[in-house]
Protein chains: 2
Amino acid sequence: MSEPSATQAPPPADKPVADGAGEEGPSKKALKKAEAKAKKEAEKAKRAAERAAAQASQAAAAQTEDLAKDNYGPEKQYPEEREITLKELNEDDVGKTVVLRAWLQNVRPQSAKLLFMELREEGNWSIQAIAAANVEGAPVSRQMVKWIGGVNPESFLVVVGTIAKPIEPVTSCKVSNYELHLTKVYLRAAAPPVLGMTLAASNRAIANFSDEAPAAVEEGVDKLSLAPSGEATAIPAATMLTHLDNIAMHRRAPVAQAIADIRMEVKELFRSYLKAKGFKEFEPPCLIGAASEGGANVFRMPYFEKEAFLAQSPQFYKQYEIAGGRKRVFSIGPVFRAENSNTPRHMTEFTGLDLEMEIRKDYHEVFDVLEGVLLHIFSGIKERCAEQIETVRSVYPSEDFLLPEDGKVLRLTFAEGQKLLREEGPAEFKDVRDDEDMSTAAEKALGRVVREKYHTDFYVLDKFPESARPFYAKEDPTNPEVTNAMDYFLRGQECLSGGQRINEPEELKARMIKKGVDPNSGGLKEYVEVFQSVGVPPHGGGGIGLDRVVAFYLNLPSVHLASFYPRTPKRLLPVSFFAVLGT
Amino acid sequence: MSEPSATQAPPPADKPVADGAGEEGPSKKALKKAEAKAKKEAEKAKRAAERAAAQASQAAAAQTEDLAKDNYGPEKQYPEEREITLKELNEDDVGKTVVLRAWLQNVRPQSAKLLFMELREEGNWSIQAIAAANVEGAPVSRQMVKWIGGVNPESFLVVVGTIAKPIEPVTSCKVSNYELHLTKVYLRAAAPPVLGMTLAASNRAIANFSDEAPAAVEEGVDKLSLAPSGEATAIPAATMLTHLDNIAMHRRAPVAQAIADIRMEVKELFRSYLKAKGFKEFEPPCLIGAASEGGANVFRMPYFEKEAFLAQSPQFYKQYEIAGGRKRVFSIGPVFRAENSNTPRHMTEFTGLDLEMEIRKDYHEVFDVLEGVLLHIFSGIKERCAEQIETVRSVYPSEDFLLPEDGKVLRLTFAEGQKLLREEGPAEFKDVRDDEDMSTAAEKALGRVVREKYHTDFYVLDKFPESARPFYAKEDPTNPEVTNAMDYFLRGQECLSGGQRINEPEELKARMIKKGVDPNSGGLKEYVEVFQSVGVPPHGGGGIGLDRVVAFYLNLPSVHLASFYPRTPKRLLPVSFFAVLGT
């Protein structure tokens, strides 16, 4: 052939070894493990043989004259041609020779003269590239094709090529309307011959979020999936532990980058909405001098022969800002919980989106802002992150997130919610009480009842019982059994707590005593003094869990997936305690 | 008079007690202390007498019929009139009756029928308001005037009044072209009769940043300044400790709010510039599993029977993002240093503005971005925060920040900088060496030499000596005595460290060993493994200290002033260890 034909269909990807994923048969764990091990070893051997062959070919090729010898290998000189990014490719680029800096997603030699590869930029921007030797005028040699064929997937390349239009769209790449006819291929950073986790495995739904010690996990299973294929369904799923052990590959997955984009857009939408509403950003500290909100679940640490704590929330500092003469403030930053819970719902560090505001007439003004900002976030990511949501759904399918059609968020009182659960929920919740906090199971059950009845995945329970709220929550002046405090729910899971705070020092001290908290204890004394020191207007606010909003909105199986580097009791990734401190 | 005349000049503010501030005479410390104490007591007695008189008047007034009795006191019903903010006041508002929610900055009764007050919104937005009784048709009674006269400064009010134009501008208020003729005054939150620190004192330059125990500080001095006068020069300065003990008043000062606005604008400018340049935001963790960058100055803490550390920088995680398939990333978040230094230059928690990027051809691409973002920040705050900078300068005077006229940032090598210091700096720096890091004193001296010679307060030293840079810094391939690493300086003080990082695992391990660091130790092993696990392109970046940029740009006497809630070894404000844990 005289040119790599645009009409030629891309060859099939290497088929991954069939691994039984999805089969229903009664295969035993031990058997599976042995199979997995055998397959892993076979695969390793196969790869090693391939590598040896490629290297031998390279050596042999080096012995004949190579007219293209400056066009490949370790980079000699940075190409002069115009650089492109795949996102910006357009019709004007066709026929142009350009530079692309990208990761090698896979490479498929077809013959000694022809190979196909997929090059990936950030996210899932990928393009098909073709190297064809012996084409008249083409600066590609057989040696060059051989050499490229030996480059390991997930290496970083700088390539030069001409943009062409394939006659049939390249369905395996996001850039389906263009392809790149390579003229130069330089290796900038080599990946190892065998990856700890392939991109395809990394981009599949995670099989197991257990944070157990490696010994307890079927480690081998996901190492099988060496084929850099687009056919994700044929690739066995990896465990969260394997992902964390292969953090670079974990983060390279398009699904991980899509979630990251969405997460950052949520922050941006939170910030821009509030700024437009007159809120000022501030920075609460992480290091605090007293376990202000109660001693449970607080990280303590030595602090110059004294003791410090990590903030569980910016609550006190938000209120100091209001006391300090701001009418509306917000903050975005890390908060910490020393909960020894090893579940997909728990982390020890997460990001809080917090706001606090002066109340003019009624504390429901706080609801208006919180609902406003969340609705803004939901519509914003739907619009700005449509592609990313699509990418996430292709891995973690989810139903559309239901919002009230009239834009009015469903507001129930806690008592109304309990009544609904008793009357229309599962039998086990027949006896839920109005004066006790809800369990996670009850919250989820109520979420289902509300979705069924009101067609919404987003609603609020107002007037939480007094017993369920901390000492700074303001009691309802007309009914001290309940507080002017609420929780917001997404798909039946709490994502936001808030309400009105007590702004009068005498009222605050009285409620502290009622709640069994000593207003003269360290930290609380100074807190009360702030309200004694100046006139602090009525105020309220709320704290949104960013990880939760992202995870619940996208219906991810774990909040760990919403986080860049999830912190859990057993692991501060990429360092596992088993490695650092373990036996 | 038939109406509070707009032509009447505002009465003078209560004169503060003369306190000798600014005098040069040889007054002894003990004498001053005694004087201060006496004055303080006298002032207290005076206030108490005034309060008693006001209360007696209130009681007396209550006995006569009060036609305005619904127009003042604790709020009865929220006013129906349109609400305004002072920032938005304009000519169309003249003659209109409006609602204002504001802090009482001061109140000056003129007679039984007339008083003036200053009402303040956020920042330094303030307006003069007038209550005049016995004016025909005016809903203000003598009783009301008396009652208002008894309200304590820094209480929060909801007032109703008519916007009028004074014939002479009200120079003591930011809103000088309008005044408010009061018809209703409601108290929403009362301040105490004596403030721990007045607004005027709070808005003065801080006298002493020493972080010593309260006993060592002349606490009394600044309690004198009770007069809520605009004449700041007559008000004695408070110490930083007094500010931190009166955190609400500290934060109410216009200067504090102006610095906060500037700080947040710096963050916003950093973010928006980098996003426009294709950078993606990410979130590095605070909790880390190993003291990755060396054991000194790291906070350690128990972590579920194991140990965790607080991140000193997001360095490793920025690099994981590049390894994880991002080309350009940035982060904004807290970093921690366990340095037991009690100076105005040190804190234990501050905010890092960090970026990391793939390098295409040359590591000076990183310089281009860092200089671009800092120049964008400098011009941005000059433009967007002109008023705030003015406010800060009125308290902390500073020379204009000099920038190169052609927009090209001065780039010197470290060796060139040392030569300059040896040849043109003070005699004590005659022997500075090219292969050793600089002292803070040397940095400042060089800053002065550079300002004199090149007329710039912003420059970079490139090619730091190998000995002065951590193991991840890339050595100059042409001269391994130095690194591809730089520091940027503002007014002779380092605000940013950065450079190229090693991206090849073998090179990384070799340099670790050269630097005496064990590549197999906990945390570092996992770090090296990331570079072994995939192909990581060449990359570099830098970390900007937000607190430093704000403090140095504004020439503040301490970085503590740039922070919302400064953390120091002796204090985690508002909790002092003396109060919580001290003996």
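Analyst: Helices (H or I, at least four residues) and strands (E, at least two) are DSSP runs, numbered from the N terminus. Glu265(B) lies in helix 6 of chain B. The model is predicted: local features need pLDDT of at least 70, side-chain atom pairs count only at pLDDT 80 or more, and totals for chains, interfaces and linings use all residues. Residues are numbered from 1 along each chain as its sequence is written, chains are lettered from A in the order in which they are written, and side-chain values use heavy atoms, without hydrogens and water.

User: Is Glu265(B) buried or exposed?

Analyst: Buried means under 20% relative accessible area, exposed over 50%, and partly exposed in between (1.4 Å probe, protein chains only). Glu265(B) counts as buried because its relative accessibility is 16%.

User: With which side chain does the side chain of Glu265(B) make a polar contact?

Analyst: A polar contact is a pair of N or O atoms within 3.5 Å; within protein, one must be able to donate a hydrogen and the other to accept it, and residues adjacent in sequence count only if both atoms are side-chain atoms. The partner is the side chain of Arg384(B), at 2.5 Å.

User: How many salt bridges are there between chain B and chain A?

Analyst: A salt bridge is a side-chain nitrogen of Lys or Arg within 4 Å of a carboxyl oxygen of Asp or Glu. The count between the two chains is 22. One of the salt bridges joins Lys327(A) to Glu121(B), with the closest N and O atoms 3.3 Å apart. Helix 6 (residues 254-276) of chain B gives nine residues to the side of chain B that touches chain A, the largest share.
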